[in-house]
Amino acid sequence: MASTHSARILVASNRGPITYTEDESGALTAKRGGGGLVSGLSAIDPDAGAVWVCSALGDGDREAVRRGVGEPGVRMLDIPADVHHDAYNGVANSTLWFVHHMLYQTPLEPSFDAEFRRQWASYETYNRAFAEALAQEAADGASVLVQDYHLTLVPRMLRELRPDLRIGHFSHTPWAPVEYFRLLPDDIAAQVLDGILGADRAAFLTRRWADAFTECARAVLGPDAPSGTRIGVHGLGADADFLRARAHQADVDDRIATLRKQIGTAPDGSPRRTVVRVDRTELSKNIVRGLHAFRQLLDERPDWRERVVHIALAYPSRQDLAVYRDYMTEVQRVADDINERYGTPDWTPVVLHLKDDFARSLAAYRLADVALVNPIRDGMNLVAKEVPVVSDEGCALVLSREAGAYEELGDDALVVNPYDVVGTAAALHEALSMPRAERAERTKRLAGAATALPPTRWFLDQLGALEGGQ
């Protein structure tokens, strides 16, 4: 593609704002996504010349690129499918993501062999394709916001191609502590860090993750790192206006009616209490230990039997990786075991849904007496912020201290060690027993903290800090 050099603001991410599917007739259908980046770019003046560079993720996307189908402001890259698979599944999701979430079973993994080095070469190729596209699209002195662990090498590559640009990198995951980050081969660890430090500014969701990055940079690259790169923190918040409006549409009311039937009423005729979780079945979300904690609650506190239901919405994630498929199978197995052990003809203790349904998620938010958010490790966790915003009657939040949201919400949550099943069960009991007035007051404070930096502001603050030299 010929150089255009016209974009003043650019975003780069693996997933873009639009995806394409091809039907049997060959017609392409476009579907627009959501999220903080989409909201943020929508707040930019249309005359600013913003461009989003992203990867074609499936056959429909690749066909759209080959036909020249697209929309203004989006440049989709047709990176070869095998290269993308190596970079995305082999390195980004199966290596860097595991390191930052500290999920390896270290007696057995990782093992950085020749196959990993081959995949790493694809990761370099993938990152270079983004750097070259950004260099082609960017106007003189443009601002570029590179997103996440998929694209850690882009800032340095882009700096070498276009030293005139203002470059930022944002990490949406946690950052591993030094001793865990150094599981990576020394040269790869240095390359990841130096890649991000090609940016003028590297930003993170919490101060904890930012400090961990700085400590890694100094341990691996030397005591002067991160010389020349500013470090920032931007804690992404919930979009309250959107959530509250969407949560009261007709399809959500329909889902509430269905969930109420599944929940039922206690033997004395009173409404059953609800413990709600909404997650992707990612390994870091700790869904299985959450189910074990609910079982522990029923074991230790038999007075809760037939009086509480755990609504567990565990939606598919990365099902092209066997470890994720196995994890979803285990979620189903544990839920079935609880229901078989404790269930009665009139009470299903765990109402588990594995099919993605945003309206049902919002319905569960509204019904929640308790929100269980117990990740092993999480960059932020927006569910912890969204439930208090949407809850009809107020909810108690049981929150892992390893979620990024803990920094903002910990004072008004019931905080747990995500590995401590007994402790989590005790927190669930405390949450379910919380007086209504206290629960309502906590929910009010949680919602205030959760919406302090909504997606549009989050994006614009990053852009302003990059452009303003902060």
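How many bridges join strand β14 (residues 396-400) to β15, and how do the two strands run? The points below take up this question together with the rest of the picture, and they concern a predicted model.

1. Strand β14 is joined to β15 by 3 bridges, and the two strands run parallel. Within this pairing, L399 has V415 of β15 as its bridge partner. Both strands belong to an open sheet of 6 strands, which follow the order β12-β11-β10-β13-β14-β15 with parallel pairing. The edges are taken by β12 (350-353) and β15 (414-416), and because each of these has a single partner strand, one side of each is left without a neighbour in the sheet. On average, neighbouring strands here are turned by 20° against each other when direction is ignored.

2. A helix on that sheet. Helix α11 (residues 287-300) lies across β10 (273-280), β11 (308-315), β12 and β13 (370-373), and it runs at about 170° to β11.

3. The other sheet. A further open sheet is built from 7 strands in the order β5-β4-β1-β6-β7-β8-β9, again with parallel pairing. Its edge strands are β5 (74-77) and β9 (230-233), each of which pairs on one side only. Neighbouring strands of this sheet are turned by 20° against each other on average, with direction ignored. In the present case, strand β6 (residues 138-147) runs parallel to β7 and is joined to it by 5 bridges, and V146 has H169 in β7 as its bridge partner.

4. Helix α18 lies across β1 (7-12), β6, β7, β8 and β9, running at about 130° to β6.

5. Aromatic pairs. The whole structure contains 13 aromatic pairs. One of them is formed by W97 and Y324, which are tilted at 55° between the planes and lie 6.4 Å apart, centre to centre. This pair links distant parts of the chain, since W97 is in helix α3 (residues 81-101) and Y324 is in helix α12 (residues 322-342), 227 residues apart. W97 has a relative accessible area of 3% and is therefore buried, and Y324, at 0%, counts as buried too. Another pair, F170 with W458, is edge-to-face, with 5.2 Å between centres and 85° between the planes. Here strand β7 (residues 166-171), which holds F170, is linked to helix α18 (residues 455-467), which holds W458, across 288 residues. F170 counts as buried at 1% relative accessibility, and W458 counts as buried at 0%.

6. A cluster and two charges over rings. Ring pairs link W97, F98, Y104 and Y324 into a cluster. The ring of W97 also has R318 lying over its face, at 4.6 Å from the ring centre. Elsewhere, the charged end of R307 sits over the ring of W304, 4.3 Å from its centre.

7. Cysteines. Which count of disulfides does the model give? The count is 0 disulfides, where the rule asks for a pair of cysteine sulfur atoms within 2.5 Å. As for individual cysteines, C216 is buried, with a relative accessible area of 0%, and C395 counts as buried at 1%.

Key: Residues numbered from 1 in each chain as written. Predicted model: local features only at pLDDT ≥ 70, side-chain atom pairs only at ≥ 80, totals over all residues. Heavy atoms only, no water. Buried < 20%, exposed > 50% of the residue type's maximum accessible area, 1.4 Å probe, protein only. Phe/Tyr/Trp six-rings, centres within 6.5 Å; stacked < 30°, edge-to-face > 60°. Helix = DSSP H or I, 4+ residues; strand = E, 2+ residues; numbered from the N terminus. Lys NZ or Arg CZ within 6 Å of the ring centre and 35° of its normal. Pairing = 2+ DSSP bridges. Axes fitted to C-alpha atoms, helices over the stretch in contact; angles between N-to-C directions. Contact = heavy atoms within 4.5 Å.
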